[in-house]
Amino acid sequence: MRMMRLLAATAVFALPAIAFAEDRADMAKVDKVYADMFRDAKGEWAKRVELDETQKICSQYYNDLPQAEFEKVLAREKANVVMPADGKVMGNWKSGEKIAQSGFGLRFNDKPGTINGGNCYACHQISKTELSFGTLGPSLLEYGKIRKYDPEEAKRTYAQIYNSNAVQPCSTMPRFGHNKVLDEQQIKDLVALLFDPESPVNK
Ligand code: HEC
């Protein structure tokens, strides 16, 4: 009987450990599969297979970043943000909506010269009229209105789209400006989509 109890207790305590072990991928294996997938990548693309300092730390700690590491990532990524030279962060919301809708660009079957999109709807609800959206990120409905169209919030949002990790270390949101997916004007247009009172996001 005592043995049974002991076994039961062991099972209870062992369970979370097993679940934890199964949650964690073997990173060496993952790295190898990943590198194999891109073994013909050249130039800029070959470099992209390697994790940068921030990505390494985020992979090491998963969602459990110690405070000191959090601060380090935040400082490094903040320093990477390039704000517009003219100090303006608001572009044209109509162009912003097209960029948010577009998932084109940077794919192996895109024609050369394809303009990159932001594919923002893949993770966010943005305007009320678009019913097809992902929910990995929070809803951005009424984004500017909720923030009282505060110009400082608009700047912060520019920085977040440019480099999500400068606001939220280890974010799963792509670093659009930092990784040269979107250019300055495109990010301004997206900020306008979120902050222009005339944008459908705020209606
Ligand atoms: C792969 C999913 C993904 C994509 C694609 C994505 N985001 Fe995000 N976004 C997130 C997540 C997750 C968050 C929550 C905060 C975090 O973890 O960074 C977020 C947060 C945000 C925020 C801040 C929200 C808040 O309440 O403070 C804004 C603004 C934003 N995203 C805009 C965009 C725009 C604009 C695009 C397209 C250029 C985009 N996102 C594309 C996942 C994504």
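**Ground rules.** I number residues from 1 along each chain as its sequence is written. Because the model is predicted, local features need pLDDT of at least 70 and side-chain atom pairs count only at pLDDT 80 or more, while totals for chains, interfaces and linings use all residues.

**Fold.** I looked up the secondary structure and found nine helices and zero strands; helices here are DSSP runs of H or I with at least four residues, strands are E runs of at least two, and numbering starts at the N terminus. Next I checked burial: 27% of the 203 residues count as buried, that is, with 20 or more other C-beta atoms (placed from the backbone) within 10 Å of their own. I then turned to contacts, meaning C-beta atoms, placed from the backbone, within 7 Å. Of those between residues at least 6 apart in sequence, 56% join residues at least 24 apart.

**Helix α8.** I tested its length: the twelve residues 151-162 should span 16 Å at 1.5 Å a residue, and the end C-alpha atoms are 17 Å apart, which agrees. The expected span is 1.5 Å times one less than the number of residues. Buried residues in α8 include Ala154, Tyr158 and Ile161, and their cover includes α9 (184-195).

**Ligand shell.** I found 23 residues around the ligand, of which Gly118, Cys120, Cys123, Gly137 and Ser171 come nearest; a residue is near if its C-beta atom, placed from the backbone, lies within 6 Å. The elements giving two or more residues are α8 and α9, and α8 has the largest share, three residues.

How values were computed. Buried ≥ 20, exposed ≤ 12 C-beta atoms within 10 Å, placed from the backbone. Contact = placed C-beta atoms within 7 Å.
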